[in-house]
Amino acid sequence: MSTRFPSDFTWGVATSAYQIEGSPLADGAGPSNWHRFAHEPGRILNGDHGDLACDHYHRFKDDVALIKRLGVDAYRFSFNWARIQPEGRGKVNARGLDFYKRLVDALLAQGIQPFATLHHWDLPAALEDAGGWLNRDTALRFADFTEIMVGALDGQVQDWCTLNEPWVIMHEGHVAGAHPPGLRNLALAPTVAHNLLRAHAEGVRAYRANGRHRIGLVVNIEPKYAASDDARNHAMDHAARIRAEGYMNRLFVDPVFRGEWPEELIEAMGGPEGEAWREVLSESTAPLREPIDWLGVNYYSRAVVRHRAGGFLDTETVRQPNPHTAMGWEVYPPGLTDTLVWLHERTGGIPLYVTENGAAFDDPPVVEGRLHDQPRMDYLRTHLQAASNAIERGVNLRGYFAWSLLDNFEWSFGYSRRFGLVHVDPATQTRTPKDSARLFAEVVATNGECLED
Ligand code: FCB
């Protein structure tokens with residue numbers, strides 16, 4: 001199999017603020033919703049929280065050296081908004097801003113290109129108290145925050161992204177209740193989706209002020225396949241597939257690129273939920289259609305779905321006889337090719353980045369400074385081949401970021417799920433590159449040629 005990446009392809013690793021930084025209240029920072037949520041009993045597996053995490057707040061220089069050793073071109077990270085604006089609005093906390101300035105300086109000193117995500121889920125708690133993503137005003141506060149960050153790091157950070165995975169904020173925070181604010185009400189989802197899309201567009205407009213042109217959005221896409229090919233079930237399963245795709249994959253892509261809402265959701269939901277969707281979906285998409293420069297996709301797995309009356313949106317996922325990761329996610333590399341081709345077609349060929357891809361496995365222990373994580377190496381290799389296949393099919397793929405640099409705080413799963421290329425010992429904070437880190441460094445050094453069979 002041939003594996004080809006353009007010579008200017010961007011190779012990177014990714015993290016996010018709450019998952020690695022620790023010291024959530026240091027130097028005048030306000031509490032974020034995640035800080036507060038993680039300290040509520042029963043919210044996070046094993047009672048874990050991000051108070052220390054990977055102690056990146058104090059060890060960022062060592063971590064930049066670690067990134068440098070991987071040889072990558074770029075580092076994707078995010079800001080904890082509450083460090084900058086402790087109340088989510090108004091005055092800037094200079095000491096919080098200073099942390100990110102020092103991080104960016106350290107990256108640039110090593111020739112590593114910073115890819116900054118403005119919002120990766122940790123909202124100032126004060127904004128959540130004011131209604132969070134249910135409040136239209138949050139979108140305007142996000143635009144202010146964007147202006148502050150872009151102004152402060154102008155000329156240093158070239159590549160920006162507004163939101164990471166708005167679907168997860170909407171679904172896990174307001175429908176499934178596994179993330180803050182911990183609500184479980186499908187009828188709230190359309191308002192949240194709309195406000196997130198408004199925030200994204202307001203952020204892009206704030207960023208554009210000086211004619212800047214390197215901003216994107218990051219969405220999670222889990223391609224949906226119909227379970228059954230036989231004639232009897234096919235129509236029903238196909239309709240289930242369309243509903244699942246509309247809710248998860250098109251909701252945050254189509255309004256931005258096509259000016260369309262996935263309207264079949266109105267009927268699929270019915271009742272008060274359907275009414276709530278009808279109301280929001282009747283709003284014009286024009287203000288949301290702010291042109292962006294690239295789209296990032298986080299790909300981990302796919303779902304094979306079938307019709308089941310009474311299931312969520314009358315669908316259910318059918319478990320496949322393939323290997324699954326420690327998250328319970330099916331390993332399905334062709335889904336990445338399909339996703340990239342689908343996005344390429346749906347967006348009219350906008351530059352795409354894989355902004356996250358990776359896997360949690362139950363790793364063996366570190367022995368004599370080595371950790372043999374063969375399943376993660378296999379996952380990486382096959383998914384990089386899948387990305388290369390998409391390029392061969394004409395997809396305008398510009399870069400790939402492995403999730404994640406470090407074993408870190410995996411949200412409601414705490415530290416129990418390990419995605420790092422680099423092992424982190426929670427007791428000592430010792431970093432040990434896993435075998436997958438060595439593989440990734442070789443991929444970067446050879447621009448993917450070492451993947452060829
Ligand atoms: C994505 C998140 C990221 C990480 C991975 C495993 O949904 O963006 O922070 O948790 O999943």
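**Ring pairs and the ligand site**

Modeller: There are 36 aromatic pairs here, meaning Phe, Tyr or Trp rings (the six-membered one for Trp) with centres within 6.5 Å; planes under 30 degrees apart are stacked, over 60 edge-to-face, the rest tilted. This is a predicted model, so local features need pLDDT of at least 70 and side-chain atom pairs pLDDT 80 or more, while totals for chains, interfaces and linings use all residues. Numbering starts from 1 along each chain as its sequence is written, and side-chain values use heavy atoms, without hydrogens or water.

Take F5 and F9: their centres are 4.9 Å apart with 50 degrees between the planes, a tilted pair. F5 is buried at 8% relative accessibility (buried is under 20%, exposed over 50%, partly exposed in between, with a 1.4 Å probe and protein chains only). F9 is buried too, at 4%. W81 and F145 are stacked, because their planes are at 5 degrees, with centres 4.8 Å apart.

Now the ligand. Around it (a heavy atom within 4 Å) are residues including H120, W121, N164, E356, E410 and F419. This shell has five nonpolar, four polar and three charged residues; Asp, Glu, Lys and Arg count as charged, Ala, Val, Leu, Ile, Met, Phe, Trp, Tyr, Cys and Pro as nonpolar, and the others, Gly among them, as polar.
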